[in-house]
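Visitor: I am new to this structure. Could you walk me through it, feature by feature?

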Amino acid sequence: MKIRHILNILTLMSGIVAVTLISIGVGKQAYSWLPPQASAESHLIDDLFSFLVTLGAFIFLGVTSTVLYSITFHRAKQHDLSDGPHIEGNVTLEVVWTAIPIMLVLWIASYSYQVYEQMAIQGPAQLVHLHNPISMQSAFAADQETPEEVVGESVEKIDVLAKQWAWVFHYPEKNVTSTELHLPSDRRIRLALQSEDVLHGFYIPAFRLKQDIVPGHTIDFEFTPIRPGKYSLNDSQYSGTYFATMQANVIIESPEKYHEWLTKAASHIPTPAKNQAASEYAQTSSQSIKTGWETVKPAAPPVVNFSG
């Protein structure tokens, strides 16, 4: 009996070790499920995501392996239709299975808040955290006092206007407007986000950053792009019929190429940009037979120096 007890303990310990190692492996694989890390803040979100996947895999594998072990080695004998042993409440067991989920939730909440605070994405109503360990100041209201420099670096300012259904970017340095967002790599960026009509959401998956744009408010949103390339900006909030067409390219390039593009774009005469929502609406409006529900008329195509 004693040997059987020891074997059960060894089996349990071996199972825990195996489940732990597999869960850690799955958590590491989770990094490959996400787009490339294109901003300095993205690694914080990826680490949190990997942690959550590891924890979820451990719970899933632990429960599944326990069920399979019970079915395999503790199943009733064939034709045994008798009742199982009568077992009533076990206070110790109840305390344990209540305490473990509470501790897990507190652990997840604590880690998530640390990431949230490090990124300093507290929303427009929050103050900047001066104790921020990595000096990232993001998504605070423009009417608050905001420094012109962050950690000794100049901040590139760009105005962002969201409307049904287009993104318009204004670069005060050269008075350039564009429907394509160009950013210098390894430079702190401060976007002044505004909405012309309804609630929109500024979301770039490769940056792991999202900020709601509230009508009637200017929201400063900061981040640091680090990986040159072409990415996609989406509207994360449902803003009406054509919201799926409200996308824009995000181009990260070296500071030299960025300023070359600004200079070149400044020489272009502003013209109306191609706008899919406006084109589709005009096509449907001109049809003799009306189909579907009435929809909001899109804003006029933006007039910009560069349309991408």
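Guide: Gladly. Keep in mind that this is a predicted model. Let us begin with a pocket. The second largest pocket has a volume of about 370 Å³.

Visitor: Which residues lie nearest the centre of the second largest pocket?

Guide: They are Thr245, Gln247, Lys274, Asn275 and Gln276, out of 15 lining residues.

Visitor: Which element supplies the largest share of that lining?

Guide: Strand E12 does, with three residues. E12 spans 247–253, and strand E4 (166–171) also supplies at least two residues.

Visitor: How do the residues of this lining divide by class?

Guide: Five are nonpolar, eight are polar and two are charged.

Visitor: And what about the largest pocket? What is its volume?

Guide: About 760 Å³. It is lined by 20 residues, and those closest to its centre are Leu12, Gly62, Val63, Ser65 and Thr66. Helix H1 (2–29), helix H2 (42–73) and helix H3 (91–119) each give two or more residues to the lining. H2 gives the most, with 10 residues.

Visitor: Which strand pairs with E4, and in what sense?

Guide: Strand E5, residues 176–178, pairs with E4 in the antiparallel sense, over three bridges.

Visitor: Now a sheet. What is the strand order of the open sheet of five strands?

Guide: The order is E6-E12-E11-E8-E9, and the pairing is mixed. Strand E6 (181–184) and strand E9 (209–213) are the edges, each pairing on one side only. From one strand to the next, the twist averages 25°.

Visitor: How many bridges join E6 and E12?

Guide: Four, in the parallel sense. Leucine 183 has isoleucine 252 of E12 as its bridge partner. Helix H4, residues 255–266, packs on the sheet and touches E6 and E12. The direction of H4 makes about 140° with that of E6. Leucine 181 also has a residue opposite, namely valine 250 in E12.

Visitor: How should I read the two faces of a strand?

Guide: In a regular strand, side chains alternate between the two faces of the sheet. Now look at E6. Leu181 and Leu183 are on one side, with His182 and Pro184 on the other.

Visitor: Are those four residues of E6 buried or exposed?

Guide: All are buried, and both faces of E6 are covered.

Visitor: Let us step back. How many helices and strands does the protein have?

Guide: Five helices and 14 strands.

Visitor: What percentage of the residues count as buried?

Guide: Of the 308 residues, 35% do.

Conventions: Residues numbered from 1 in each chain as written. Predicted model: local features only at pLDDT ≥ 70, side-chain atom pairs only at ≥ 80, totals over all residues. Heavy atoms only, no water. 1 Å grid on protein atoms, 1.4 Å probe; cavity = no way out; pocket = protein on both sides within 12 Å on 5 of 7 lines; lining within 4 Å. Points joined across faces, edges and corners; volume = space filled by probe spheres on them. Nonpolar A, V, L, I, M, F, W, Y, C, P; charged D, E, K, R; others polar. Pairing = 2+ DSSP bridges. Axes fitted to C-alpha atoms, helices over the stretch in contact; angles between N-to-C directions. Contact = heavy atoms within 4.5 Å. Buried < 20%, exposed > 50% of the residue type's maximum accessible area, 1.4 Å probe, protein only.
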